[in-house]
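Me: Hi, I have a structure open and would like to go through it piece by piece. Could you help me read it?

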Amino acid sequence: MVVANDPLAMLLLKQDVEAFLYHEANLLDDRRYEDWLDLLTDDVRYWVPMRRNVKFGELEREFTREGQDINWFDEGKDTLTRRVNQILTGVHWAEEPLSRISHLVTNVEIVGVTPSASDAEEVALRCRFIIYRNRVATETDILVGRREDTLRRGDGGWRIAQRQVFLDQNVLLAKNLTFFF
Amino acid sequence: MAITFQPSAYSGLVDQDNGMVSREIFVNADIYAEEQERIFTRAWLFVGHESQVAKPGDFFVSSMGEESVILCRDRQGEIHVFLNSCMHRGMKVCRYDEGNTPIFTCPYHGWSFATDGALVGVPFYKDAYHEELDKSQWSLIRVPKMVNYKGGIWATWDPNAPDFLDYIGGFKTYLDILFDGWDGSEGGTEIIGGIEKWMVPSNWKFPAENFIGDRYHNISHRSVDLVGIGPSGQGRRDNSEREGAKSLDVSFPERGHGTVMFLRPEHAQPVPSYQNDPIVADYFYQCEIARKERQGQLWRILAGPGTIFPNMSFLPRQPRSIAVWHPRGPDQTEVWRWFLVDRSAPPEVKEFLRQYYIRYSGPAGLTEQDDMENWNYAHSASRGAMARRHHYNYQMGMGYAVTDFEDGGLKLDGTVLDTTKARAGEQNQRGFYSRWREFMAARDWDELATWRNGNGSAC
């Protein structure tokens, strides 16, 4: 937690950031994918590593590396936009019929603010998520993990400049990842 | 274990004469249990890549069929594969995915094993075992046969299995394209860090037969073709090299392996590809020229997806990768995916390919997401009492394959179905299931190595 010399500004900022995260989750769950894309900066980095079982003392090797290894996701806005466009073709069978998804976002903590809480231009935050996906008849996935985001103030509000997603799974138990974290 | 099906029953389940396969072999739990005995303890299985265990003490925990195995390089630098189960009470001696260790110590009672699998430590050896336990008899169970072929590590539990190259036969041509450098240099590939592992609710044979040459399922990938993820910015792949090429399905039914490919015209020349990036485009162009020089006529082969019986599939071209379909019960498959690049490629090329592999492949890949949906629901909709009474249809292209294929001076081994005009065929799948039937019925490798008697069955 950032040591705030202005606790009230910090409280207001946290409220503001949380409202943004809930709004973002609603866009995804309401299937407003193009509106969701608008919340991403043009230079957004979106990274979801895979996760290994490693010995105590070697935890720096637990996650596959951004920009070097194979990861579940390691991309920018271009590929994310193609993912949205794929769902919007209506013939993306893995999402046709569309899944029913709820993002639960919780344990939100602000871990960094630039330049200060009262006039924040960039915020680094950490949160936990549960993503519940149910599709077709009984198919259900529950994915849980930690998210680390960097938000940047843009025209009309916060934009997501970086998202890092740390899933609490080794062998991925979902057959595919056709949704966004 | 209830054995419902006598060996003779398998000929009814795989009806080669009529091109039909019973759904029972995908959904029946007794048949699944038999497969573990008859296929996965006898066939050659892919375990990993030597670049994953580069240094002494490096290990990678893999899987052969349902069972966990350890791929390990010992202190002398020799590679071993052994069962990941303590000889005393069966505990997994290693529950890490990979790493480096001087020793594997069982967390249950403390037996410890060296990196070559030898039992080296037994608690209370003096007082409780009175120094009478012969440690040399209680090493971790080593595979009786293992091979490092161009960096790929393969193993089999059957000491009577033929040597790996005999098991592969004429399919070697296609396996070489996977493991050699793009310029044709021998074994010039390495693994990119990070092995994808995920569960698919489907029988393991669905993906195996899909990769052996299902050109018919293009409709599955309509959405990715519309949005475009290919290396030249469009479609799924780069198809510029296919200009004027023949489309061929190649099967080795006596061994169960198969692949699809495009065969360039006799006097074809390298053409530019991967044109989103000039460094990458130049790299591949130069490699193509070098390979043509090295390989002559064989350079004409543009290799596509393939499967080595039973459960190792691969894409020798981009996204260059290996998939192993580990059986996890009749209704579940654990997929492991390795990605390969040329060891000597410039960093820009490796990075370009890494990004393409990620967006194409695996559970998050724009292409393969849709495959998993098909395998999932094709499987679950085949489990019912009524559904099981009706065979799947594998009749496409029956009777149109040749065993003496020749084009412009290039002769091809195996049974070749020209699908240039047809665009799809199912001879590779028929070859896979006829081999499956042989594995399920045969007593031993004397019966399984049919090619030794010149009895290879065509289909």
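Me: What radius of gyration does chain A have, and what would a compact globule have with 181 residues?
Reply: This is a predicted model, and in it chain A has a radius of gyration of 17 Å. A compact globule with 181 residues would have a radius near 16 Å, so the value for chain A agrees with that expectation.

Me: And what does the C-alpha trace of chain A span along its principal axes?
Reply: The C-alpha trace of chain A spans about 50 × 45 × 30 Å along those axes.

Me: How many helices and strands are in chain A?
Reply: Chain A has three helices and six strands, and if you follow the sequence they come in the pattern α-α-β-β-α-β-β-β-β.

Me: What share of chain A is buried?
Reply: Buried residues account for 30% of the 181 residues in chain A. As for contacts in chain A between residues at least 6 apart in sequence, 60% of them join residues at least 24 apart.

Me: Switching to chain B, which domains does it have?
Reply: The domain assignment divides chain B into domain 1, covering 45-145, and domain 2, covering 168-453. The C-alpha centres of these two domains of chain B are 34 Å apart.

Me: How many residues are in contact between domain 1 and domain 2 of chain B?
Reply: Seven residues of domain 1 of chain B are in contact with nine residues of domain 2 of chain B. On the domain 1 side of chain B, the residues that touch domain 2 are one nonpolar, five polar and one charged.

Me: Where do the two chains meet, and how many residues does each give to the contact?
Reply: Chain B gives 35 residues and chain A gives 33 residues. Elements that give two or more residues on the chain B side include strand 20 (333-342), helix 9 (347-360) and helix 10 (368-380) of chain B. By class, that side of chain B has 17 nonpolar, seven polar and eleven charged residues.

Me: Which residues touch the most other members of the largest nonpolar core?
Reply: That core has 148 residues, and those touching the most other members are Leu45(B), Val47(B), Leu71(B) and Met261(B). Helix 9 of chain B gives the most to this core, with seven residues, and both domain 1 (45-145) and domain 2 (168-453) of chain B supply at least three residues each.

Me: What is Leu71(B) in contact with, leaving aside its neighbours within four places in sequence?
Reply: With those neighbours left aside, Leu71(B) has contacts that include Val47(B), Val53(B), Phe59(B), Phe60(B) and Ile153(B).

Key:
Residues are numbered from 1 along each chain as its sequence is written. Chains are lettered from A and ligands numbered from 1 in the order in which they are written. This is a predicted model: local features need pLDDT of at least 70, side-chain atom pairs count only at pLDDT 80 or more; totals for chains, interfaces and linings use all residues. Domain bounds come from an automatic or database domain assignment. Ala, Val, Leu, Ile, Met, Phe, Trp, Tyr, Cys and Pro count as nonpolar, Asp, Glu, Lys and Arg as charged, and the others, Gly among them, as polar. Helices (H or I, at least four residues) and strands (E, at least two) are DSSP runs, numbered from the N terminus. The radius of gyration is taken over C-alpha atoms; the globule rule is 2.2 Å times the number of residues to the power 0.38. A residue is buried if 20 or more other C-beta atoms lie within 10 Å of its own, exposed if 12 or fewer, and partly exposed in between; C-beta atoms are placed from the backbone. A nonpolar core is a set of buried Ala, Val, Leu, Ile, Met, Phe, Trp, Tyr and Cys residues joined through C-beta atoms within 7 Å.
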